[in-house]
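Keep the viewer open as you read.

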Amino acid sequence: VSEAAHPAVPAIGTLVIGGGIVGLTLAGFLAAEGVEVAMIDDGRVGGTTANAGSLHVQMQSRFMRLYPDLVPGLESTLHLYPKAVAFWRAFEQELGADFDLRITGGLMVGESREQLDFLAMKCRRERELGLESEMLDRARLDAIAPGFGPAILGAELCADEGKLNPLLANQAIRRWATTNGVVRLAGESVAGLARRDRVLVARTARGTIAAERVVLAAGAGSRALAADLGAVVPAEPEPLHMNITEATAPLLHHLVQHAERPITLKQLGTGQVVIGGGWPAHLAGDERWPTVELASIVGNATLAQHIVPSLGGLRIIRCWAGINTTVDGRAVLGPCRAAPGLNIAIPGDAGYTLGPLCARLVADAMLGRRPAVDLAPYSPDRFN
Amino acid sequence: MSCVTIEFEGRSIAARRGESVAAALTAAGVRGLRTTQSGAERGIFCGMGVCQDCLVEIDGRPHRACMTIVDQPMNIRRESHRRPPAPVAAGLAPRTLDAVAVERPEVLVIGAGPGGLAAAIAARRAGAAVLVLDERAHAGGQYFKQLADPASGRPDRQQARGRRLIDQAVALGVELRPGVEVWGGFAPMTIAASWRSGLLQLQPRALVIATGAYERGVPIPGWTLPGVMTTGAAQTLWRCYRRTPGRRVLIAGNGPLNLHVACELLKGGATIAAVAESAAAPGAGDVGTLAAMACAAPLLFAQGLAYRARLLAAGVSVSHGSVVRGIAAASDGLTVQIGDPRQGATWEHRVDAVCLGYGFEPANELARALGCAHDHDPARGTLVTRRDEQGRTSVAGISAVGDCTRLGGALAAMADGTIVGAAAAATLGHRRDAALARDIAAARRELARQRRFQAALWRLYRAPRLTLELAEPSTILCRCEEVTKAELDAALAEGPAPIGEIKRRTRAGMGACQGRYCGPLLKAAIAAAGGDVAESFAPRPPVKPLTIADLARSPSP
């Protein structure tokens, strides 16, 4: 870490830390309004944009099982999800880009009476909360999605779910942000934050960056940086496993999940099938590399071919780990009273789905506008 | 020699039992084997299971033609992009890793080439129980490639030496298990492999990685056309299967392997249109270097002279200081332009096949996946496995040997193997006897000699290391994802970024070969643009594509 001023960006109006979907869109929104903004991202560990591209709307059973105490928080956030998917669609149009975004509907399948009962209960609750969900028995399931294995008895269909190709989306958004005037510091990381007089100072290997405002959009990495300024943001990294197959003929139309087992299945426009859904990965070594595990490859892929047997004939060509961030079931959005000048933008679970919308809400608050969603329930002040 | 009739898209082809599908199809004049996303045809390229370009559909499933042995009648088609998956018989139950048996060999050696075999023999002689895995159907690796059908010809000295090494390993009680595709290494010490349509999980007490090297990709206009292959691929067609890549062949590259293969293909009845060697012709100033080579390894030196003499006698011109500037499809084969690497006139040749041999890349994917430390070698642009003088890597229990650690040739790898294998056994408490101790000392002397020879050899063959110099904007750099040089340049023009981001910007490196050919090219391009020269693609499993159903099954008996 150098104590001299950063040669490229010694001082800036707003510094966005984190270049994943949240940081990238947030920096772009601010820059589009004429704000002087720089975005810094390590590009290796956090903010690797190692996304899988599911657009989630219904409550993920994985999350409900793992964190039952967080279900109330999850329910209170649920209304954000259809808004977030609609925001993604509008954003794609605004950019005139092709994200390969398709709202195909999402299926959560069950293979026992108990699982279908759980899905039916979840479906009722989600309908009460305003989602468009319905239950399908096997015959109705086959009519819209042939190819499920003999064990599958039925599914919950949520109409608003879908998928996009994150490689296409992230590149288009990166170009848009750059065109808007965002200064990008790629491959650089922030070692710490401090307050100096009226500005916040980020320390990096190349030097210090003085900023009037800082946005932490660094997922779980936000925790330590917030702590440098005396603020509490209890974000936890959740490294998750992903697999991608070779390209094949159209096979899966919907985003597919399971009532009890961790899995997401979806086919991209390239014809490749992305298999994920919450199998663990870990952060290895001093560099905290997101690293995949053999147990997750075996468990995740054999489960996939159990649900959709024809996947068994496909070859996996790559596995990788992405990092989900969990907090308390709710997003953390907006200014932090405990640390003036500091703003937080963490969507909580399903960060890719919620990312652009959350970024818009925080950007609006920073621009002095009224965000389209009341940010009070998501304020970082609940921890401070 | 027994024959098997195979069907290729409705055409009956008489294949020799035991040869590769690639060899049988090449002999029948079939060159285009798979079609890409853009509809382009691809054929044999690496010939050793790395590039994934020679995929064919056999009985509904994708197979690499170069790695698949003809042992029964087969129904073969071109592999088409986005083909529907093969129908699966019964649904397989999901399973967790706990339910997968763990095999715990005392010493596990991955790769049955010169380094791996020598390491296995030394470890066994020290008293360790040793299991050797190899992806190919026969042990020997790329240097000791054995004749698939012993009746098809007399093995030459190199093959005979390999045979003796294999026989010695077997006689000592080393377990050689061919046909095993290792696809993953997981810290601290788990190896995952596909074998007999099932999953193999191994946790050895000591691991020796001996995965060798593969040929570098140098993007030349037309290098993805069927009929353009590595020199090593052509050599395998001849050495293992007694087939030639075509009637008229042009060989281009850097180093003596190209001359060796030219001689072999001549023997096989091919016409060698030319050998284009990028190094300048040896001159008066190289006398000292030649003397050093003759001194360090007289046999190899004599062999090199013999290649030259044989080519001269056959009227084959070795054109020094020249490269292939471009390859194009013609009505009856390929037209090739040969010339100075930078400018000036080119000479055109009309051939059936072009062999490219511009040096090697170490196959260090497993060592990297297991967390072994590597250092950047700026001269070669490759990573070098960090090892002590016993071959131990930075990870306890893991050694690495031969070309996968740093390039040095097969004979250096063999000497290295003796040292490393014995040391791996010693870490498990095995003692070396006096005979083994003598052989280790001899191996150290031999290794030093081979390194002197190699150093002199590459002084003699010194030439600019080609990366992107010959590529035009429309030339493909990433063979799998069909990413062109223009697309890479555009991505780099958007600003500096880590290599992983360039991968995501362009999709280069996201295909089935896992970036083995384009990775070094991206590194070179990033370095030229002023970026981080040392950074490589992050290692990602599987190092070879992995059929999902194989994870749900145990290897069939």
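Before we look at any helix pair, one definition: an axis here is a line fitted to C-alpha atoms, for helices over the stretch in contact, and angles run from 0 to 180 degrees between N-to-C directions. Keep in mind, too, that this is a predicted model. Two packed helices are described by the angle between their axes and the distance between the axes.

Now find helix α1 (residues 21-32) of chain A and helix α7 (residues 166-180) of chain A. Their axes sit 8 Å apart, and the two helices pack at an angle of about 30 degrees. Angles under 35 degrees count as roughly parallel, so that is the label for α1(A) and α7(A). As for handedness, α1(A) and α7(A) cross in the left-handed sense. On the α1(A) side, the contact is made by I21(A), L24(A), T25(A), G28(A), F29(A), A31(A) and A32(A); α7(A) brings N170(A), I173(A), R174(A), W176(A), A177(A) and N180(A). Sort the α1(A)–α7(A) contact by class and you get eight nonpolar residues, four polar and one charged.

Zoom out to chain A as a whole. You'll count 10 helices and 20 strands in chain A. Its radius of gyration is 21 Å, close to the 21 Å that the globule rule gives for 384 residues, so chain A is as compact as a globular protein of that length. Along the principal axes, the C-alpha atoms of chain A fill a box of roughly 65 × 40 × 40 Å. Buried residues make up 63% of the 384 in chain A. And if you take the contacts in chain A between residues at least 6 apart in sequence, 74% of them join residues at least 24 apart.

Over to chain B, starting with T26(B). You'll find T26(B) in helix α1 (residues 21-27) of chain B. The relative accessible area of T26(B) is 7%, and the cut-off for buried is under 20%, so T26(B) is buried. Leaving out residues up to four places away in sequence, T26(B) touches R31(B), I44(B), L237(B), T244(B) and P245(B).

Last stop: G141(B), in the loop between β10 (130-133) and α3 (157-172) of chain B. G141(B) and G212(B) are 71 residues apart in sequence, yet 8.2 Å apart in space, C-alpha to C-alpha.

Key. Residues are numbered from 1 along each chain as its sequence is written. Chains are lettered from A and ligands numbered from 1 in the order in which they are written. This is a predicted model: local features need pLDDT of at least 70, side-chain atom pairs count only at pLDDT 80 or more; totals for chains, interfaces and linings use all residues. Side-chain values use heavy atoms; hydrogens and water are left out. Helices (H or I, at least four residues) and strands (E, at least two) are DSSP runs, numbered from the N terminus. Angles under 35 degrees count as roughly parallel, over 145 as roughly antiparallel, 65 to 115 as roughly perpendicular and the rest as oblique. A crossing is left-handed if the near helix is turned anticlockwise from the far one by less than a right angle, and right-handed if clockwise. Contact means heavy atoms within 4.5 Å. Ala, Val, Leu, Ile, Met, Phe, Trp, Tyr, Cys and Pro count as nonpolar, Asp, Glu, Lys and Arg as charged, and the others, Gly among them, as polar. The radius of gyration is taken over C-alpha atoms; the globule rule is 2.2 Å times the number of residues to the power 0.38. Buried means under 20% relative accessible area, exposed over 50%, partly exposed in between (1.4 Å probe, protein chains only).
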